[in-house]
Amino acid sequence: MSVLFKNASILMPDMSVLESAYLGVEGDKIDYIGESEPEKKYAETRDYKDKLLIPGLVNAHTHAAMTLLRGVGSDLKLQDWLFNKIFPIEDKLTAEDMRVGGSLAMLEMLRTGTTSFSDMYFFPHMLCEAVGEAGMKANISRAVVAASPDERWEDSFRIRESVELFDGYHNSYDGRIKVDLCVHAEYTNNDSIARRLGELCDEKGAIMHVHVSETRSEHDECITRHGCTPTQWLDKMGCLNGKALLAHGIWLSDEDMELIRAKKLSVVHNPTSNMKLGSGFAPVQKMLDMGIRVGLGTDGTASNNNLDMLEEMHLAAVIHNGYTGDPTIMKPVDIIRMATANGSYAQGRGDTGALAVGMKADIAAIDLDKPHLIPNFDTLALLCYSVQGSDVCMTMVDGKILYENGEYKTLDKEKIYFDVRKSVERLYR
Ligand SMILES: [Zn+2]
């Protein structure tokens, strides 16, 4: 695409906002940002008066096809919810469900400004293809659990699938699809499986995506089982040698956080899921103060129950104030970085996450011409506290507009709804 956005408000990498400015996109990259009109001629010019351009949002921890389980088993405790409600339905999920549920997730993500997500689930090749064809970006992993406490890695078809996925899809679709490796969690795995996945991460340079210290009981039971915390166990198993994305991290100890900081690992905060499941409050500001790059995610829609990253930003911005009694604790600038640049870092993508010349054109536009967005005294605060997912009017990935004013350019909404109804009928019959 060759397009110039003019008269736009533009959120810059230093978190300043340019007003009545220009942003040019050529091919898949941003090639101009400035307050004066560029000399270069673009194929198309769009007037973006009253629109704010922000980096595309990165949903750094989710299970996309869980849209088919939206809200299932609400109001149960995590272990009861997972083992008695979620797992029995997940046993019935097919490869086709992954395409269908993943496509429904993309409809929702694109219309709320998300350009990239990190996913952990089953039949991941179907999601790779659906995302690749839809034009979005994703880091996709096969959730690996041990079938029994003494399952050996050599017998794990889940590990075989993970390797096949990596070899078949990593960096496919012009690098939009990346494949991570995944230990689902300490409490669903054993030493043999975790060690092998750690070795594979080293061998392939893959990112490890894992649930860590989500509930107090999970954290404490790991200490009883192994004499160390889940983070320390993963480190012992060799799972944290390279890049890693640790989802939740609510009950991390000071030693855990020091290890995460020293190894430059990412933690992903999932405030809605944590509040809904009563899991607790992650020490987000403490980690940010230590220099840990905390990303933001929605988790799956069974525990959220939507994929709206702007709602996630709002919650992340307010819940810690309430919990600590300190309204200065979370700053909009931190929240916005979590939802953009820190998420891109967690995905191992150095060419996106900020609006700057030379970066990939992954952009969301917010329509500011709304009653709840007037007056605007502080655009960063507006973005965290007032803007809603439904205010997104355009989402672009790698220079291509995938969503604009209710219309999808690559996804067939009616067909996806039809397929979703078919899947749901079979799953819940
Ligand atoms: Zn999760």
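View 1. The protein chain splits into domain 1 (2-55 + 353-408) and domain 2 (57-346), with bounds that come from an automatic or database domain assignment. This is a predicted model, in which local features need pLDDT of at least 70 and side-chain atom pairs count only at pLDDT 80 or more, while totals for chains, interfaces and linings use all residues. Residues are numbered from 1 along each chain as its sequence is written, and side-chain values use heavy atoms, with hydrogens and water left out. Taken over C-alpha atoms, the centres of domain 1 and domain 2 are 29 Å apart.

**View 2. The area between domain 1 and domain 2.** The size of an interface is often given as the accessible area lost when the parts come together. Here about 2,300 Å² is buried between domain 1 and domain 2, and 67% of it is on carbon and sulfur atoms; buried area is the accessible area (1.4 Å probe) that two parts lose on being put together, summed over both. On the domain 1 side, C384, Y385 and Y408 lose the most area to domain 2, together 27% of what that side buries. Contact (heavy atoms within 4.5 Å) joins 28 residues of domain 1 to 28 residues of domain 2.

View 3. Two salt bridges are counted between domain 1 and domain 2, a salt bridge being a side-chain nitrogen of Lys or Arg within 4 Å of a carboxyl oxygen of Asp or Glu. The side chains of K137 and D362 form a salt bridge, at 2.8 Å from N to O.

**View 4. A salt bridge within helix α2.** The structure holds 25 salt bridges. In one of them, R99 pairs with E96, and the closest N and O atoms are 2.5 Å apart. R99 and E96 are separated by about one helical turn because they lie three residues apart in helix α2 (residues 95-110). Helices (H or I, at least four residues) and strands (E, at least two) are DSSP runs, numbered from the N terminus.

View 5. Five aromatic pairs are found in a search of the whole structure. F83 and F87 make an edge-to-face pair, 5.0 Å centre to centre with 80° between the planes. Rings of Phe, Tyr and Trp (its six-membered ring) pair if their centres lie within 6.5 Å; planes under 30 degrees apart count as stacked, over 60 as edge-to-face and the rest as tilted. Since F83 and F87 are four residues apart in helix α1 (residues 78-90), about one helical turn separates them.
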